[in-house]
Amino acid sequence: MTIDTPTDHRFAGLPGRPGKIIAVHLSYASRAEQRGRRPDAPSYFLKASSSVASSPSTVTRPMGTELLAFEGEVALVIGTTARRVSLDDAWDHVGWITAANDLGLYDLRANDKGSNVRSKSGDGFTPIGADLIDARAVDPAALRVRTWVNGTLVQDDTTAGLLFPLAQIVADLSQQLTLEPGDVILTGTPAGSSVIQPGDVVEVEVDSPASGATSGRLVTTVVADEGPGFDATLGSLPAVDDTQRAEAWGHVAPARPALDPALRDKLTRVPVAALSQQLRARGLDNVTIDGVRPLHPDAKLVGTARTLRFVPNREDLFASHGGGHNAQKRAFDSVDAGEVLVIEARGETGSGTLGDVLAIRAHARGAAGVVTDGGVRDVDAVTAVGLPVYTAGAHPAVLGRKHVPWDHDLTIACGGTTVQPGDIIVGDADGVIVIPPALAAEIADAALAREDEDAWVAARVAEGHPLDGLFPMNDVWRARYEAERVTP
């Protein structure tokens, strides 16, 4: 039996074989904007040291997969032991800086359920090099990372764009584990990461424009696997869905503009019935989410729509889509302040579409509420959370009895009404209505004006006037109303 030594060519770009490789999930503002989420603190995963490769190297895309993606990164190599070091002292424990390519296979990501064990630790999946930069010779806040695919520049960012400074990452990790000499920290990738194909050549360089220090080009060529492929008798097989494809290819998350505070205030003051009347006057009759009732009848619901869709349960599809960080969890994890999560459950109330934990998650993220045409389980606990929730009923069964969580942030049907992401949702004790964003300001102003008029009419009826000619107002009553309305 042989043991790899520092002379092993795979580790030519490092002082030796690293004891551990720690990678940051999301650290650049540009990448966070692309992904549509901004973490409050860094989080990490481990890569096997057997995945390291030097420059130049090849990486094999396994047979039966399609989503091998590159990630150009700044790699830190620990020079001296760091254990519970302060932010001010953390950089002193970094010996060198170099380039890395944190390759990942999105086909295996869902199966790994966040650990990234197989999706990120395949042989050759961590090219590092080509040369080391002395950490003392550069400003950690002014490093540049660039990536080229087949000669075209596809990533270009600096550490000034990090959400978490490099020293913070070192100090944070050292609080829970000892960083030892030779350990490598991959500090995250900026926007621009995408899928590569057999035959593609990826080059990554880290440099310090101020000092001229550079890692040189780290070169990796993608080759196709000739087999035998994955053995279904041993473990899970590669699987992809639209979400994995979108994230692997680097699609930008759709912009979600916040609801104007002044418009939100107007909609909060207007009853749903008044809004319904104004929409109907403009030819929109099919805008009510039918069959749902509020858990908090006294609470007003106003917000912009996020959407989640369940399809009828099919056992094989639930096995592939029901576990891990599925569409339901992704939707509740990403709903933002002021948004309403609207769920399509086909009016099927034979199981819950959310429970207390998900309600707590939405409430913690500042969601305006949840509307589902399916059931709610743990209904007393959900009610106690205080989040405005509209549902077709309560049911104790879990999701898998009737539904498969399928996808989110797309056009759905809820309670017989079409709902698109960004639509404005308003609810009160009468029910829930969907307002097209382009009409919202006009509808709100018209409804408020009509509310003032109806209040004046109600006062006249209370004085004993008959309805005929007053409701609706004839020309005589209209003239009196206009005169009194403008009187100081």
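**A walk from the surface to the core**

On the surface, Val-461, Leu-467 and Phe-471 make up a nonpolar patch, and together they have about 280 Å² of accessible area. Phe-471 belongs to the loop between α13 (440–462) and α14 (475–486). The structure shown is a predicted model, and what follows was computed from its atoms.

The largest nonpolar core has 45 residues. Those with the most contacts inside this core are Leu-68, Val-74, Leu-76, Ile-97, Leu-179, Ile-185 and Ile-196. Two or more residues each come from β1 (21–24), β6 (72–78), β7 (94–101), β10 (144–149), α5 (166–174), β13 (201–207) and β14 (218–224). The element that gives the most to this core is α5, with 6 residues. Apart from this core lies another, of 21 residues, including Ala-327, Leu-341, Val-370 and Val-376.

Ile-185 shows how parts of the chain come together in the 45-residue core. Setting aside neighbours within four places in sequence, Ile-185 is in contact with Ile-22, Val-74, Ala-75, Leu-76, Ile-78, Ile-169, Val-170, Leu-173 and Leu-179.

The helix α5 deserves a separate look. Because 7 of its 9 residues are buried, α5 is largely enclosed by the rest of the structure. The buried residues are Leu-166, Ala-167, Ile-169, Val-170, Ala-171, Leu-173 and Ser-174. They pack against β1, β2 (44–47), β6, α2 (87–90), β7 and β12 (184–186).

Charged side chains come next. The structure holds 28 salt bridges. In one of them, the side chains of Lys-20 and Glu-180 meet at 3.6 Å, N to O. This pair links distant parts of the chain, 160 residues apart: Lys-20 is in the segment before β1, and Glu-180 is in the loop between α5 and β12. Lys-20 counts as buried because its relative accessibility is 17%, under the 20% cut-off. Glu-180, with a relative accessible area of 40%, is partly exposed.

A second salt bridge joins Glu-205 and Arg-217, whose closest N and O atoms are 3.5 Å apart. Glu-205 lies in strand β13 and Arg-217 in the loop between β13 and β14, so the pair ties together parts that are 12 residues apart in sequence.

Asp-378 has a relative accessible area of 35% and is partly exposed. Arg-377 is partly exposed as well, with a relative accessible area of 26%. Elsewhere, salt bridges that share partners join Arg-144, Arg-146, Glu-203, Glu-205, Asp-207 and Arg-217 into one network.

The last stop is a polar residue in a loop. Asn-116 is found between α3 (109–112) and α4 (117–120). At 5% relative accessibility, Asn-116 counts as buried. Its side chain makes a polar contact, at 3.4 Å, with the side chain of Ser-119. Leaving aside neighbours within four places in sequence, Asn-116 is in contact with His-25, Phe-45, Arg-109 and Ser-121.

How values were computed: Residues numbered from 1 in each chain as written. Predicted model: local features only at pLDDT ≥ 70, side-chain atom pairs only at ≥ 80, totals over all residues. Heavy atoms only, no water. Core = buried A, V, L, I, M, F, W, Y, C linked by side-chain atoms within 4.5 Å. Buried < 20%, exposed > 50% of the residue type's maximum accessible area, 1.4 Å probe, protein only. Helix = DSSP H or I, 4+ residues; strand = E, 2+ residues; numbered from the N terminus. Contact = heavy atoms within 4.5 Å. Polar contact = N/O pair within 3.5 Å; in protein donor to acceptor, adjacent residues only side chain to side chain. Patch = residues over 30% accessible without salt bridge, like charges linked within 9 Å, V, L, I, M, F, W, Y side chains within 5 Å. Areas by Shrake-Rupley, 256 points an atom, 1.4 Å probe, with all protein chains shown as cover. Salt bridge = Lys/Arg side-chain N within 4 Å of Asp/Glu carboxyl O.
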